[in-house]
Structures are given as C-alpha cells and as structure tokens.
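Thanks for coming. I have one model to go through today, and I will keep to what can be computed from its atoms.

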Amino acid sequence: MGKAANPVSPLETRAWKTSRNDRAVQSAAAEWKRCMARRGHDYKDPVNAPYSYWTSQRMAAHPNPTKEQRKHGIPPTDAERQAALDDIGCKNESGFVRIWLAAELALQRRLVAENRVPLEEHRKRLDRMLRNATEALGPIAATSSARG
C-alpha cells in the first residue's frame with residue numbers, strides 16, 4: 001500500500017499565502033509600516049521584520065560570538081528591545097495580526113469545506129495509524145509501567 005498524500009499541508013500553505021495577499025491585510029501591513037516609520041524604523045514587512053534585523057544587522061554586529069554567547073545567546077540591546085516593543089505596538093495599532101488572522105481563518109474554513117472528503121479520509125488514516133501503534137505498543141507500554 002503506497003503512502004497517501006497529506007492534504008493538510010498544501011491547504012495550510014495556500015491559506016497562509018492567499019490571506020497574506022488579501023487587500024485588507026495589505027492595507028494593515030502598510031499602516032504598520034507607516035507606524036514603524038513614525039517610530040524611527042525602516043522595516044518593509046511586519047512578518048519579516050523580526051527576522052530581517054536578526055539576519056542582517058545583529059549578525060553583522062556579532063560576527064564572532066564567544067563560546068558563552070553561542071551557548072546562551074547574545075542579550076538584546078536597549079535599541080532591540082525598543083524595536084520589538086514598537087513592532088508589537090504598531091501591530092496592535094494597525095490591527096495587522098487581527099485582520100490577517102480573520103482573513104486566514106475565513107479562507108481555511110472555505111478550504112476545509114471544499115476539501116472535506118480528502119480531509120476526512122486523511123483523518124481516518126491517522127486514526128488507523130494511532131490504533132495500530134497503540135496495539136503494537138500495548139505489551140511494551142504494559143512492561144514499562146510495571147517496571148516503573
């Protein structure tokens with residue numbers, strides 16, 4: 001028996017990408033960018049903002065971290081903390097997260113309704129796999145708990 005495709009991942013990716021391009025989401029992202037600019041930041045995108053700093057400026061500022069820094073991380077500077085707080089404030093002010101989640105949820109609901117049969121079949125396969133694993137591990141689990 002061949003391995004059946006997981007129908008969830010492509011639907012999840014489609015919902016994420018499509019909702020990200022929703023007009024209301026784009027408008028909220030533009031408002032977030034204006035808010036960040038008013039606070040002195042030049043980030044292009046609310047999703048990538050936390051990563052853009054880390055991958056460019058922060059890594060350039062610490063090209064050779066010490067063993068201790070590699071083990072425990074490099075503490076954020078006051079400027080980094082403020083940028084994070086500004087990001088959160090602007091996401092709240094613009095409604096970016098709320099608007100995007102609403103758009104993505106609506107799209108997910110539509111995709112679930114449109115793909116009910118393959119999703120139900122996938123759920124049945126998962127249930128069957130769980131039952132089989134539980135049955136196969138039953139003697140092992142009983143032995144382990146007896147040793148406790």
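First, the ground rules. This is a predicted model, in which local features need pLDDT of at least 70 and side-chain atom pairs count only at pLDDT 80 or more, while totals for chains, interfaces and linings use all residues. Residues are numbered from 1 along each chain as its sequence is written, and side-chain values use heavy atoms, with hydrogens and water left out.

The overall picture. The protein has seven helices and zero strands, where helices are DSSP runs of H or I with at least four residues, strands are runs of E with at least two, and both are numbered from the N terminus. Of the 148 residues, 24% are buried; buried means under 20% relative accessible area, exposed over 50%, and partly exposed in between, with a 1.4 Å probe and protein chains only. The exposed surface comes to about 10900 Å², with 58% of it from carbon and sulfur atoms; these areas come from the Shrake-Rupley method with a 1.4 Å probe, and for residues only the protein chains shown count as cover. Among contacts with a separation of 6 or more, 75% are between residues 24 or more positions apart, a contact being heavy atoms within 4.5 Å.

Next, the disulfide. The structure holds one, defined as a pair of cysteine sulfur atoms within 2.5 Å. Cys35 is joined to Cys90, with an S to S distance of 2.1 Å. Cys35 sits in helix α2 (residues 23-38) and Cys90 in helix α5, so the pair ties together parts that are 55 residues apart in sequence. The torsion about the S-S bond is about -75 degrees, so this disulfide is left-handed. Cys35 is buried at 1% relative accessible area, and Cys90 is buried at 0%.

Staying on α5, which spans residues 78-94, we come to Asp86. Is Asp86 buried or exposed? Asp86 is buried, with a relative accessible area of 8%. What does its side chain meet? The side chains of Asp86 and His41 make a polar contact of 2.6 Å, meaning a pair of N or O atoms within 3.5 Å; within protein, one must be able to donate a hydrogen and the other to accept it, and residues adjacent in sequence count only if both atoms are side-chain atoms. Not counting residues up to four places away in sequence, Asp86 touches Met36, Arg39 and His41.

Ser94 is also in α5, and is buried at 10% relative accessible area. A polar atom of the Ser94 side chain lies 3.2 Å from the backbone nitrogen of Phe96. Leaving aside neighbours within four places in sequence, Ser94 is in contact with Ala28, Glu31, Trp32 and Ile99.

Last, helix α6, residues 96-114. The 19 residues of α6 reach 27 Å from first C-alpha to last, close to the 27 Å expected at 1.5 Å a residue; the expected span is 1.5 Å times one less than the number of residues. Which residues of α6 are buried? They are Phe96, Trp100, Ala103, Glu104, Leu107 and Leu111. Seen down the axis of α6, these fall within an arc of 95 degrees, so they line one face of the helix; the arc is that of the directions from the helix axis to the C-beta atoms. The buried residues of α6 pack against α1 (8-20), α2 and α5. On the face turned away from that buried side are the exposed residues Arg98, Leu101 and Arg109.
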